[in-house]
Amino acid sequence: MSLPNVAYFSMEIAIDQSLATYSGGLGFLAGSHMQSAGYLQLPMVGVTMLWSYGYYDQRIDQNGEVEVAYIRKTYDFLTDLNVQTTVKVFGEDVIVKAYRVEPELFGTCPVYLLTTDIEGNSEWARKITHKLYDGDEKIRVAQETVLGIGGVRILQAVGYKFDVVHMNEGHALPAAFELLRQFNGNLNEVRKRTVFTTHTPVAAGNEVHWVDTLLQGGFFADCPRDKAVALGGENFSLTVAALRMSRVSNAVSQLHGLVANKMWDWVQGKCPIKAITNAVNIHYWQDERIAAAKTSKELLDAKLEMKKDLCQYIADNCGKRFDPNVLTITWARRFADYKRAWLILMDKPRIEKLLNENKIQIVFAGKFHPDDKMGKEMFNKILKESQTMKNVAVLPGYELALSAKLKKGSDIWLNTPTRPLEASGTSGMSANMNGALHLSILDGWAVEGTFTGINGYTVEYPGLDDDIPWEERHAKDHKRIMEIIENDIIPTYYENKEEWARLMRQAMRTSEAYFNSDRMVIEYYNRIYKPIAHAGAEAGQDSSDVRMVENPNYDAWTFSNIK
């Protein structure tokens, strides 16, 4: 059986620092997906947007506060396909033009980039592809409409015959509605070709819009209102509709699989939700110096050189002189409240004692959504505190290049989400590949890949999942983190270098063995992309899983509302 041709739709894909088409973790994951598909020469293409201003440029202003800046991006390395299509968006015919990232450029599969920022479109239509995740609801709906409907039509225009449309999050849902239009309302035919990845249990990651707003926006590709409501409700949930329009979906870690199945259990007519744990591309993320290290001494020496690079970057960018011989802890990810950047600073006298004694140094980095006031306030508060605290640095501009530098130059990669809200949290995987140990709340992929005393440290205690007030949860998590740092990490790092090197080696081995995106993409092909009747028989899945595809009308309720 030949492998199916897959079209991978994602609102953001992080392929290279030089191409600003991403904001954070979702894009990093998509980039690794494209890189491994290219490396393995699998029949896949990516579809995303060519953002004229990227997400945003993050800088520190003259008042010492974070600044959101928009700078137009231009590229001379994309292939102009001279192909375009037209999509009806809020009653306006919007021209969508396509460019392509050629595989040899960054080692990916082919990636198609869509833009509306071209001559022939109105000023409003051009803004659709200006800013990733624009806070204006009308623009946001238009972005998703262009990605999904425009993406399907562009692929058909260039002659790419896809067997599977993979919607990476609900942003690309209009692609399923465009297929529904093309198959004259036959949801069976759409489901045969559509799969869906859900990335988060957090409300902000599961979009909801009033159905009439989406209808006016062209989101449903001429699907009637009543049938759209049957799929996603009047207060239309993109995730719910995606679960009903796909033949199979997946969560992004084993724990997230349990959470997602419980969270969406009420949805009649939903497809099965499997769990495929995220991963990162080792060929992109791992530094050659540490990959080449054979002995413990070589490993420690390679890490020291990588730390010197990071320390020089910190000195150059925020005027602080970090010592590469001091234990370096990094918290770097999206500044969202549930990720709790502030957790390690909860007891200021306690953490300052370690900082002032040069036992540790801490680096913070990460972006917030430009409309997230709480995220911005959190960043500014930590930034202000860092200006008067020894051995604390806050670095703006957390993008691919800085992310790589931090992962290579850190000893500890700190992950502090409120369990179980972190679906995966892949940054720790690429940190592990560079010999940084994970210190994590027992959430996301850490449940599967971080083992205390073997390759890192996890935050566990009796009553971990008890229903307790948030303040008590924060206090318990903080207390355990500090105990691990003071009693386990610091003594081992300074007094037993051989043991520290062993932990580094095991962290690298774990990530190389399982959390490499080559494994992830192969698993997607075997468990998600192949027609399930065949894949189930080959993988020895239970008969109910196979029967589901042999008889795709496994929920008459949904189909009766569509036909």
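This is a predicted model: local features need pLDDT of at least 70, side-chain atom pairs count only at pLDDT 80 or more; totals for chains, interfaces and linings use all residues.

How many salt bridges does the structure hold? I get 34 salt bridges, taking a salt bridge as a side-chain nitrogen of Lys or Arg within 4 Å of a carboxyl oxygen of Asp or Glu.

Residues are numbered from 1 along each chain as its sequence is written, and side-chain values use heavy atoms, with hydrogens and water left out.

**Salt bridges**

I looked up E207 and found its side chain in a salt bridge with that of R140, at 3.1 Å from N to O. The two sit 67 residues apart: E207 is in the loop between β9 (194–197) and β10 (208–210), and R140 is in helix α4 (residues 137–158). For the naming, helices (H or I, at least four residues) and strands (E, at least two) are DSSP runs, numbered from the N terminus. Buried or exposed? Both E207 and R140 are buried; my cut-offs are under 20% relative accessible area for buried, over 50% for exposed and partly exposed in between, with a 1.4 Å probe and protein chains only.

Next I checked R350 and E486, whose side chains meet at 2.8 Å, N to O. R350 has 26% relative accessibility, so I log it as partly exposed. E486 is at 25%, so it goes down as partly exposed too.

E357 and K359 make another salt bridge, with their closest N and O atoms 3.4 Å apart. K359 counts as partly exposed because its relative accessibility is 32%; for E357 the value is 39%, also partly exposed.

What is the strand order in the open sheet of 6 strands? I read β16-β15-β14-β17-β18-β19, with parallel pairing, where two strands pair if DSSP finds at least two bridges between them. At the edges, β16 (392–395) and β19 (456–459) each pair on one side only. The twist averages 20 degrees from one strand to the next.

Zooming in, β15 (residues 360–365) is joined to β16 by 4 bridges, and V363 stands opposite A393 of β16. Helix α14 (residues 348–356) lies across these two strands, at about 115 degrees to β15; axes are lines fitted to C-alpha atoms, for helices over the stretch in contact (heavy atoms within 4.5 Å), and angles run from 0 to 180 degrees between N-to-C directions. Helix α19 (residues 470–495) packs on the sheet as well, touching strands including β14 (327–332) and β17 (412–415), and makes about 165 degrees with β19.
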